Amino acid sequence: MAKPTTSFVCASCGNVTSKWAGRCESCGEWNSISEEAPLSQGPSGKSLGAQRGRSVALSDLGEAEAPPPRTMSGLAELDRVLGGGLVPASATLVGGDPGIGKSTLLLQAAAAFARSGIPTVYVSGEEASAQVRMRAARLGLMDAPVRLAAETNLRNILTTLEAERPGLAIIDSIQTMWLDNVEAAPGSVSQVRAAAHELTTFAKRTGTAIVQVGHVTKEGQIAGPRVVEHMVDTVLYFEGERGHQFRILRSVKNRFGPADEIGVFEMTGAGLAEVTNPSALFLSERGTPAPGSVVFAGIEGTRPVLVEIQALVAPTPHAQPRRSVVGWDGSRLAMILAVLEARCGIPFAGLDVYLNVAGGMKISEPAADLAVAAALLGAREDTALPEGAVVFGEISLSGALRPVTQAENRLKEAAKLGFTSAIGPAAGKETRVAGIAGTRLPDLAALVGEVFGAG
């Protein structure tokens, strides 16, 4: 039997090579490559045993094998992101920047689920039990029936969970866990992948819901290979700017509910507080209409959210104008600038362009194209949109405006917050909402001429 060859894996991007190198040829990181021990083939040298699995027809699955119902935590924002509550035997991965509040969120979630009747275990690999109790006391959670543990050896953790059989186990964090049968340092690709596999397998076998905390890289991705995200059922990212009190829990993968759903929290001295009306919170600091300020009516998952998009256009002293974007896609901004110049005759050469989504919100929806274009035009022409107007619509490369989904929900959210007019694409089904006067535009040139009088 041939001996398995040793491979070397990059801890940043997961690239596999046959020899060690000081710098990863895939992502360019230095000193990120480590040796990975080969998988054992077992004494028989076969990948599968002699016995085969039992074949079960889907029509034969009776109610006895049906999954138990979800459990609600009582935190409406968390239950929304999870798809309607906690699913037994599920594996969830939560990632976020250091200090953003992941441990605070999960400790509050553990207390909420424990109070609802689910036996809950919180395992910390980064803090001692006394330190976790200090945070629980600060958050007012000392009366919650949550069992705490401070351990990094996954064998000891799984042995304890096997004996306790809790309904929910929170592992904080997966990068600190290590297996004694894997010859690699804790936090390496091999250890993270093996630990995630063991925890996910335990969840499916015993019915315990497992929540794992994952560190993120400087690019904002969960550290380790992306295969960890493929193993689990749900991947959540906890986002937010340190300068803002808003925190956003975003679902990027969910086998039990809609993806791209968000839950909004506010960081306070007593922990994270739920925000039931995020649109009002994001617009709370908005004053009188100003040039370059536009309210975008967006959709995050199943929820309509109104946010303010701010733009600043100024002459540049440099040969190469700056294009700075916060909260939106920089390449999409370049596309909007190109369409404005090619289709509408509005040049931005020799001008610095700054774009910001207020409140620390991140937008990836194409429906924000028209709002960004309106903000850029308003900043360039020093003209503000009428007070009480919201904007949404997708811009094509020809300059035409494409229809967007859930236009009625966007307008209803705008009417609920006191907005009186909307600017959107003429294409698609006409939607009328009481209290909202709609302006339907066929293309971007109509926005330039009719709304701003430029071009």
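The side chains of Glu381 and Arg380 come together in a salt bridge, with N and O 2.7 Å apart; the term covers a side-chain nitrogen of Lys or Arg within 4 Å of a carboxyl oxygen of Asp or Glu. Glu381 is partly exposed at 28% relative accessibility, and Arg380 is partly exposed at 30%. Here buried stands for under 20% relative accessible area, exposed for over 50%, and partly exposed for anything in between (1.4 Å probe, protein chains only). This is a predicted model, in which local features need pLDDT of at least 70 and side-chain atom pairs count only at pLDDT 80 or more, while totals for chains, interfaces and linings use all residues. Residues are numbered from 1 along each chain as its sequence is written, and side-chain values use heavy atoms, leaving out hydrogens and water.

In general, side chains of opposite charge can pair when their charged atoms come close. The structure holds 20 salt bridges. One of them links Glu394 with Arg402, at 3.9 Å from N to O. Glu394 is partly exposed, at 22% relative accessibility, and Arg402 is partly exposed too, at 45%. Salt bridges with shared partners tie Arg332, Asp369, Glu394 and Arg402 into one network.

Another pair is Glu162 with Arg165, whose closest N and O atoms are 2.6 Å apart. Glu162 is partly exposed, with a relative accessible area of 30%, and Arg165 is partly exposed at 43%. Arg165 sits in the loop between α4 (154-164) and β7. Its backbone also stands out: phi of Arg165 is near 50°, a positive value in a residue other than glycine. Most residues other than glycine have a negative phi, and most peptide bonds are trans. A cis peptide bond turns up between Asp172 and Ser173, with omega about 10°. Ser173 belongs to the loop between β7 (168-172) and α5 (189-206).

Asp260 is a further case of positive phi in a residue other than glycine, with a value near 65°. Asp260 is in the loop between β10 and β11 (262-268) and is partly exposed, at 44% relative accessible area. Asp260 is also among the contacts of Ser251, which, leaving aside neighbours within four places in sequence, touches Val81, Val235, Leu236, Pro258, Ala259, Asp260 and Glu261; contact means heavy atoms within 4.5 Å. Ser251 itself is part of strand β10 (residues 246-254) and is buried, with a relative accessible area of 0%. Strands (E, at least two residues) and helices (H or I, at least four) are DSSP runs, numbered from the N terminus.

Turning to the helices, α2 (residues 102-115) and α3 (residues 129-138) pack at an angle of about 75°, their axes 11 Å apart. Axes are lines fitted to C-alpha atoms, for helices over the stretch in contact, and angles run from 0 to 180 degrees between N-to-C directions. The two helices are therefore roughly perpendicular to each other, a label for angles of 65 to 115 degrees (under 35 is roughly parallel, over 145 roughly antiparallel, and the rest oblique). Ser103, Thr104 and Leu107 of α2 make the contact with Val132, Arg135, Ala136 and Arg138 of α3.

As for cysteines, a search of the whole structure finds zero disulfides, a disulfide being a pair of cysteine sulfur atoms within 2.5 Å. For Cys10, the nearest cysteine sulfur is that of Cys24, 3.7 Å away. Cys10 is buried at 1% relative accessibility, and Cys24 is buried at 2%.
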